[in-house]
Amino acid sequence: MKTQTVPIKEKFLSKESNTLSKDASFSASSFANNIVLVATMALLIIGASFVYYLQPDFYNFNQTRINSSIGLTFIIITSALLLFKVLFFFYNVYLYFQYKSIESVNDELLPTCTIIVPAYNEGKLVYETLMSIANSDFPKDKLQILAIDDGSKDDTWYWMNKAKEVLGDRISVFQQPENKGKRHALYRGFNLGTGDVFVTIDSDSIIKKDTLRNLVSPFIVDESCGAVAGNVRVLNNKNAILPKMLNVSFVMSFEFVRSVESQVGSVLCTPGALAAYKSSAVFNCLPEWIDQKFMGVASDIGEDRAMTNMILKQGKKVLFQRNAIVLTDVPEQYKGLYKMFIRWGRSNVRENLVMAKFVFTNFRKEFKLGARLLFTNQFLTLVMTYPFLIFMMYFIIVQPLLFLSSTLLAILIFASFPVFFYAKKYSAAESLWAYAYSVLYTFGLFWISPYAIATAGKSGWLTRELPVK
């Protein structure tokens, strides 16, 4: 058969049309993003203005509550909680300004590290993860890389072996005989590892060149450090609206919240996307961790929060390194997002109950008040979930317009802090996604916490079998 040659002019036209198509797609996406942000801001401003015009109705509603014993009790409790939250917030702001990342130590002082990458149905992304690790600015003779395929049903094992072809002896790849869950994949890695420090990295995450050395340096600088949390940012934040929202949310959760927690040596969760653990601290709790049960059922979620709790219980510090950055894939659809949040919510319930058993004991020789305040803040939020849900439902039924307007005003006020925080550190335009995320969470994800509490005993990863994006 004759091969048809494409004229040069047609090739150029083809390239030009592809470029135009991409530009059109980008313009459409940018237009949709702007529509969402403008609509969000319009909604919040209109809601806030309604609060002003409905002042007489708010006054009558509050008077009715004050004249009722149940309503008055609720007002007193919520006022006390609000006061605690405000004082706690200012305490957090103070701690945040005290925080500084620990600078990287030199190559000679860096500890030997075992990097464990568990993977399930990640496809080619696991290859990119492994290559980003191999390209790290870290002494090769101090780095052991272990990739563990947890019985994937796609081509994850193929891409692991492709990485092995490129990296040779620098990486070891293993395949679980069946899908047993992330905890068991990590367990295998811990038992195979020879490093003084274990680093766990999710197989859908990419690290920067200096991430590893920044992440493990606190173990050298502070002997009481048992674990370190990395700084997680969103990898796919250019792809869809939800990742844009989550990117701003993650900056608040990590660069503010975990900076605060680090100042009291009590980061409550070392993220699965990037975390480091002193090997001796891991082996001290490894049997308990792998056999952990909740309500008699083996735990197959929250392995990162569980390990963090067990290391805190040993009296070790858990710190955060703002300069150890990892980019991770997040859900782009609502279904994936709420399933991820349910899993996190269930783990939060379980591990708060675990933490309650040791946080008020003499678990650490050093400063303990900070850890207790962090726990109290989280525990109070859980305890008040159902009372606030009941009040919200009552408010909606009795005064739907008052509920809507006051809620939108509250979002405008409270979401302004993450907006300003992100704007100062990164981008003013992108910071507005914090408002959109708050609206989404308030009206579209408010049910997560009560549902997670009610179903805390349920197991399952939930997002493992979602269709590939």
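Predicted model: local features only at pLDDT ≥ 70, side-chain atom pairs only at ≥ 80, totals over all residues.
Residues are numbered from 1 along each chain as its sequence is written. Local features need pLDDT of at least 70, side-chain atom pairs count only at pLDDT 80 or more, and totals for chains, interfaces and linings use all residues, while side-chain values use heavy atoms, with hydrogens and water left out.

Helices (H or I, at least four residues) and strands (E, at least two) are DSSP runs, numbered from the N terminus. Helix 9 comprises 12 residues, 279-290, which at 1.5 Å a residue should span 16 Å; the expected span is 1.5 Å times one less than the number of residues. The end C-alpha atoms of helix 9 are 15 Å apart, in agreement with this value. Its buried residues are Ser279, Ala281, Val282, Cys285, Leu286, Trp289 and Ile290, where buried means under 20% relative accessible area, exposed over 50% and partly exposed in between (1.4 Å probe, protein chains only). They cover an arc of only 160° around the axis and are therefore on the same side of helix 9; the arc is that of the directions from the helix axis to the C-beta atoms. An α-helix has 3.6 residues a turn, so residues three or four places apart point the same way. On the face turned away from the buried side, helix 9 carries the exposed residues Asn284 and Pro287. The cover over the buried residues of helix 9 includes helix 6 (182-192), strand 4 (197-201), strand 6 (225-234), strand 7 (274-278) and helix 10 (303-313).

A nonpolar core is a set of buried Ala, Val, Leu, Ile, Met, Phe, Trp, Tyr and Cys residues joined through side-chain atoms within 4.5 Å. The largest has 108 residues, of which Ile115, Leu130, Val199 and Val216 touch the most other members. Helix 8 (residues 241-263) supplies the largest share of this core, 10 residues. A second, separate core of 10 residues includes Val51, Leu54, Met392 and Leu402.

With a disulfide defined as a pair of cysteine sulfur atoms within 2.5 Å, the count is 0. The cysteine sulfur closest to that of Cys113 is in Cys225, 12 Å away and too far for a bond. Cys113 is buried at 2% relative accessibility, and Cys225 is buried at 0%.

Ser405, in helix 14 (residues 400-414), is buried, with a relative accessible area of 3%. Its side chain reaches the backbone oxygen of Leu402 at 3.2 Å. Beyond its neighbours within four places in sequence, Ser405 is in contact (heavy atoms within 4.5 Å) with Gly47, Phe50, Val51, Leu54 and Phe58.

Key
Polar contact = N/O pair within 3.5 Å; in protein donor to acceptor, adjacent residues only side chain to side chain.
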